[in-house]
Amino acid sequence: MAAFEYAPAPESRAIVDIKPSYGLFVNGEFVESVDGRPIKTVSPATEEVLAEVAAAGEQDVDRAVQAARRAYETTWSKLPGKERAKYLFRIARIIQERARELAVLETLDNGKPIRESRDVDIPLVAAHFFYYAGWADKLEYAGFGPDPRPLGVAGQVIPWNFPLLMLAWKVAPALACGNTVVLKPAETTPLTALRFAEICQQADLPPGVVNIVTGAGETGSYLVSHPGVDKVAFTGSTEVGKRIARAVAGTRKRLTLELGGKAANIVFEDAAVDQAVEGIVNGIFFNQGHVCCAGSRMLVQESVYEEVLAALKRRMATLRVGDPLDKNTDIGAINSPQQLAKIRALSEIGEAEGAERWSPPCELPDRGYWFPPTVFTGVSQAHRIAREEIFGPVLSVLTFRTPAEAVEKANNTPYGLSAGVWTEKGSRILWMADKLRAGVVWANTFNRFDPASPFGGYKESGYGREGGRHGLEAYLDV
Amino acid sequence: MSERLAVRKTYKLFIGGAFPRSESGRSYEVRSKDGKRFLANAALASRKDARDAVVAARKAFPRWSGATAYNRGQILYRIAEMLEGRRAQFVEEVQAAEGLSAAKAQAVVDAAIDRWVWYAGWSDKVAAVRGSSNPVAGPYFDFSVPEPTGVVAVLAPQRSALLGLVSVVAPVIVTGNTAVVLAAQHAPLPAITLAEVLATSDLPGGVVNILTGRTAEVAPHLAGHMDVNGIDLTGAPAELAADLEAAAAENLKRVLRPPAQEPDWTADTGVDRMFFFLETKTVWHPIGV
């Protein structure tokens, strides 16, 4: 039976009012950049220019850090925890009130399907503020000593794949612990962070507690290397993470890094095939594969290879690629032309190195940046598509015979962020979970996130944890 | 009749549970703290020795990290037992190395023995203190457990040859890491004698490897080694520490930075060192029937 056709079901963008240009958010106000230059942010689905923002310069960053320092010393670190908590609860509530607006804006600026921004990103953003709000007046019970102190000013640099969610992961625990922040969103997705600045104003957050400087890598490096910053938190590529680790070497700055991954999603012969295939699809095609913990390597037991692959292809053929604002869309736009070029280049290398490429028949829109869901078979561990993070909707399939071989292959990577295991046998799940060198192991599920659950990598996937009680450690002097 | 001539000890390296000489064939003169007395020619470890030690530590990692916490705790306690049995020898060596009075040296050795006992008791408690069951908003069982980071390079404190050394090695291995240790440059002898204790304490070969030599020569090879997961820079010379930290960024090693000044090792050590070389693994599974 052929798949049902869907009528278009676009979400209205009328709820979002985008200004033609934005300044920086410093000391509680939107201000013009002093030494920055303007950059444009576009909708990756249509290439429409959404707004102009500033790429903050050195003086801008300095101004923001000074504002954060003043706020730290005069108000925020002196505020009782229960009052900080109330500010964070307020922010959580305002996010819930404005959830639909934020979801539409996130989808416009990032290109991700509205189904995901509406059902995953924004609810998790509110949940993170709720969760860490509750910690603000309970820090002495968190296991870091009787009187844990904040670090000071946190410089935070976040990526474009989950713009508002990554902001929440960084800002909520920092503020709960009594730090003030200067946050730099990614240059291609600054709009929801600027909307968050408005939310801080609505919450009457004291000026300077949260400062937002937009811009690209240069702005980020001003922030990271600013002597007034006590703590650096970065989520992004391993390459940039290493550069930042070198930049803070020899200073007293604290550092946490959430970097890349090349997760194995391991399917055993006794796995429930349909559920496993759902998990594989969710693992690699969620958010267009723009996920550091994406299950980009499927390791399938040889005995069920044919069956799983056939089911996977059948399922992939039902994925709907296109307008991210359409409520039935599964896969949206690639975030930028640069990222699209990288995905294309690595996929071509995959073919050149002898792997077999397959995508379901799907029509891609004429404008915007698009890449079809793609699977490579006949992949060996030496292939670059099996070793390098592609950060796109591209799955590499490898096989194994024994559990020991699955572990060996899964761990054969400099990364160690996440892994997936699909089997009906409980003792095997626990054995695999023990052997896999990864910070998160999803068993019979994938890509689950929760503020109460620690997240972060082993090896070159970075250091530190975000979420849970563990996430407080990065923002306390312990 | 002439006086009996003492049989002197040859101090070598400790790699993979064995006591080899440096592959470079080099050695250096170790003198008493006051410089008046020749104590021994210690092995001058080379880059190759450092690499061999990392290989041994990596090889030992699966078994040591996979051992039960109960087993690891007993082995650490056994180290305390063996150290106690050699108390007099250590008092003498520490006295010579650090220029302490007999009474002070005794106190140092006692503290070192007690420190092993303290850490021994931690092995089966770390998971309870650092792990958690996470109340996620959905039908999932979600728990977090601490796990060792892997192979950790340890630059031992330069002033405290035994107590300082024990205070940085025990917290690294009690949680299941394996270690490559660079002993205090000018006072390396208690470290090698400690290796004899470790070798007879049921500690699997390779869990602790001890190099003696020049910190500035060997440390950069450990900091830049791609198969080392963490580095403790406590004993790093100030002028070298920033470079070592930058080199460690190459594979994102966990870096424990040097303290502003060498701590008082006789004081309560706290848990920070032990927790520093831990990862947190979180496991999710759906709940349903």
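This short talk covers how chain A and chain B meet in this structure. Keep in mind that the model is predicted.

Start with the contact itself. On the chain A side, 47 residues touch 38 residues of chain B. How much area is buried between chain A and chain B? About 3100 Å², with carbon and sulfur atoms giving 49%. Three residues stand out: A:Arg437, A:Tyr458 and A:His470 supply 15% of what chain A buries against chain B, more than any other three residues.

Now the polar side. The interface of chain A and chain B holds 29 residue pairs in polar contact. Four salt bridges are found across this interface. One of them joins B:Glu250 to A:Arg246, with the closest N and O atoms 3.4 Å apart.

Which elements of chain A face chain B? Helices H8 and H14 and strands S9 and S16 of chain A each supply at least two residues. H8(A) has the largest share, six residues. By type, the touching side of chain A splits into 21 nonpolar, 11 polar and 15 charged residues.

Next, the sheet. Ten strands from chains A and B form an open, mixed sheet. Its edges are S12 of chain A and S3 of chain B. Where do the chains join? S16(A) pairs with S10(B), in the parallel sense, over three bridges. There, A:Trp442 has B:Trp284 as its bridge partner. B:Ser132 is partnered by B:Ser144 in S4(B).

Last, the record. An unreviewed UniProt entry annotates residues 22-255 of chain B as "domain: Aldehyde dehydrogenase". That span is 50% helix and 18% strand, and its end C-alpha atoms lie 27 Å apart.

Note on methods: Residues numbered from 1 in each chain as written. Chains lettered and ligands numbered in written order. Predicted model: local features only at pLDDT ≥ 70, side-chain atom pairs only at ≥ 80, totals over all residues. Heavy atoms only, no water. Pairing = 2+ DSSP bridges. Helix = DSSP H or I, 4+ residues; strand = E, 2+ residues; numbered from the N terminus. UniProt positions renumbered as here; feature names shortened; annotations may be inferred. Contact = heavy atoms within 4.5 Å. Buried area = accessible area lost by both parts, 1.4 Å probe. Salt bridge = Lys/Arg side-chain N within 4 Å of Asp/Glu carboxyl O. Polar contact = N/O pair within 3.5 Å; in protein donor to acceptor, adjacent residues only side chain to side chain. Nonpolar A, V, L, I, M, F, W, Y, C, P; charged D, E, K, R; others polar.
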